[in-house]
Amino acid sequence: MKYFILFIISLFTFIPIKSKNITDSLYVPRYESTFFTSSKSQTFFCDACGCAAGNGSSGFESLLNPQFIGIKYFAQHYQAKENLFVEDLTQDQYFNTVQLWGKIPVTRKLSIYGSIPFQFHSKKTLQGDISISGIGDASIMGIYELVKSKNSFHQINAGLGVKIPLGKFDEKGITGVNPSFQLGTGSWDYQLAMNYKFQKDRFAMLINTDYTIKTENKKHYQFGDQWNYSATAFYRLWNSTQSVLSGKIGLQGEVFDWNRQFSEVMPKTAGSALYGKAGFEVSLNKLSLGTELMLPAYTNLAGGDVEAKSRFSLFVNFGL
C-alpha cells in the first residue's frame, strides 16, 4: 500500500500548473444533447469518481453526463457474530446512505467532485434493534486529466481529496463486533485516486483505484487505511438521438488495514472483500439514471466475524 501512495504522489509532482486553456473564470464545457449518434464518435463520459460511503466503497461511477449534480442511494448488508461464544453469524447489519453529489468543471482538465451523505444504519441484536442516523462525513476532491489520446480511446485521470469529519463518532460503537457501525470516523482523512478509461465504438472499460489515509480522531481512535480497486466493462445496448442505454459488469475489491487505539493495533479489524457487480445506465437529454447490484465473491472481514452479503445503489443525475 505504501508503494501505491508514493506512486500517486509522484504523478501529482509532474502535473503542469499552467495551461493555455485555463482562464480566470469557471470553465463551462459544451454539452452535447445527443449521445452516440455516430458509431465513429461515441463517448461514454465515464470519468466521474465516487468516494467511500459508510464502511464500504460505493465505487467509481460511469456516468453518461460528464459534469453533474445528483442524488444517490447506497445500501449495504452484512452479517456479524453476535455472540462471541457461538460461531454462527446471526446479527444482520444494514448500512444505508443517501448522498448529494456532484462533479463541476473548473478548467478544461480540472474538475471538483464533492458529496454530502446522510446515513441511516441499523442492526438486530439479542437486546433489540439498534439504529443510528444523521449526516455523514463530507468529501471533496480535485480530479485532473493527466493523459488523453488524440483519438480519445485512452484517458487517465488522477484525484486528490479530503474527507471532512461532519459525521458523529460514538466511542461506544467501537466495542461491538463491527466498529464501523458509525456515522463518521471523527477524523480528517485524505484520499488519492486514479482511473484509466478505454472506449471504442460500443465498448468501454474503466479501471479505478483509490486509497484513503485515515488519521487519529479526538478519541484517540484511528480506523485503518482503505484501498479500493475495480474494473468495469460497459456496452451500449441501445441509443437514439436523445437517449442512451448501456449495461455494465465488473469486479470491485476492498482492503482494510488494522484499526488502532492509542497507537495500539486492535485485533480482528483488518480484512478484505471482493465483489462481482452488474447494472445499467440510461440517459435522456441531460438526465441520467443508473443502478448497480453487487454480490460478494470473497469476504474476510474482522477476522471472519463479519461477512458481506450484498450491496445495491441507485442514482439520478442532472448534467450541467
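User: Starting with Met294: leaving aside neighbours within four places in sequence, which residues is it in contact with?

Analyst: Apart from those neighbours, Met294 touches Gln252, Tyr275, Gly276, Lys277, Ser310 and Arg311. Keep in mind that this is a predicted model.

User: Which residues make up the largest nonpolar core?

Analyst: That core has 12 residues, and Met294 is one of them.

User: What about a second core, how many residues does it have?

Analyst: The second core is separate and has 7 residues, including Phe68, Trp101, Tyr113 and Met141.

User: Back up a bit. How many helices and strands does the protein chain have?

Analyst: There is 1 helix in the protein chain, along with 18 strands.

User: And how much of the chain is buried?

Analyst: Of its 320 residues, 48% are buried. As for the surface, the chain exposes about 15,600 Å², with carbon and sulfur atoms supplying 63% of that area.

User: Take contacts between residues at least 6 apart in sequence. What share joins residues at least 24 apart?

Analyst: The share is 61%.

User: Now aromatics. How many aromatic pairs are in the whole structure?

Analyst: A search of the whole structure gives 11 aromatic pairs. Among them is Tyr78 with Phe95, an edge-to-face pair with 5.6 Å from centre to centre and 85° between the planes.

User: Where in the chain are those two?

Analyst: Tyr78 is in strand E3 and Phe95 is in strand E4 (residues 91–105). They are 17 residues apart, and the pair links distant parts of the chain.

User: Why do Tyr78 and Phe95 count as buried?

Analyst: Tyr78 counts as buried because its relative accessibility is 2%, and the cut-off is under 20%. Phe95 is at 1%, so it counts as buried too.

User: Then Tyr221 and Phe223: why is that pair edge-to-face?

Analyst: Their planes are at 75° and the ring centres are 5.1 Å apart, so the pair is edge-to-face. Both Tyr221 and Phe223 are buried.

User: Which residues do ring pairs link into a cluster?

Analyst: Phe68, Trp101, Tyr113 and Phe315 are linked that way. Phe68, Trp101 and Tyr113 also belong to the second core.

User: Which ring does the charged end of Lys72 sit over?

Analyst: It sits over the ring of Phe74, 5.7 Å from the ring's centre. Another lysine, Lys123, lies over the face of Phe181, at 4.6 Å from the ring centre.

User: Where is Ser152, and is it buried or partly exposed?

Analyst: Ser152 is in the loop between strand E7 (138–148) and strand E8 (154–164). Its relative accessibility is 27%, so Ser152 counts as partly exposed.

User: And Lys268, is its phi positive or negative?

Analyst: Positive: phi of Lys268 is near 55°, and this residue is not glycine either. Lys268 is in the loop between strand E15 (264–265) and E16. With a relative accessible area of 44%, Lys268 is partly exposed.

Definitions and conventions:
Residues numbered from 1 in each chain as written. Predicted model: local features only at pLDDT ≥ 70, side-chain atom pairs only at ≥ 80, totals over all residues. Heavy atoms only, no water. Core = buried A, V, L, I, M, F, W, Y, C linked by side-chain atoms within 4.5 Å. Buried < 20%, exposed > 50% of the residue type's maximum accessible area, 1.4 Å probe, protein only. Contact = heavy atoms within 4.5 Å. Helix = DSSP H or I, 4+ residues; strand = E, 2+ residues; numbered from the N terminus. Phe/Tyr/Trp six-rings, centres within 6.5 Å; stacked < 30°, edge-to-face > 60°. Lys NZ or Arg CZ within 6 Å of the ring centre and 35° of its normal. Areas by Shrake-Rupley, 256 points an atom, 1.4 Å probe, with all protein chains shown as cover.
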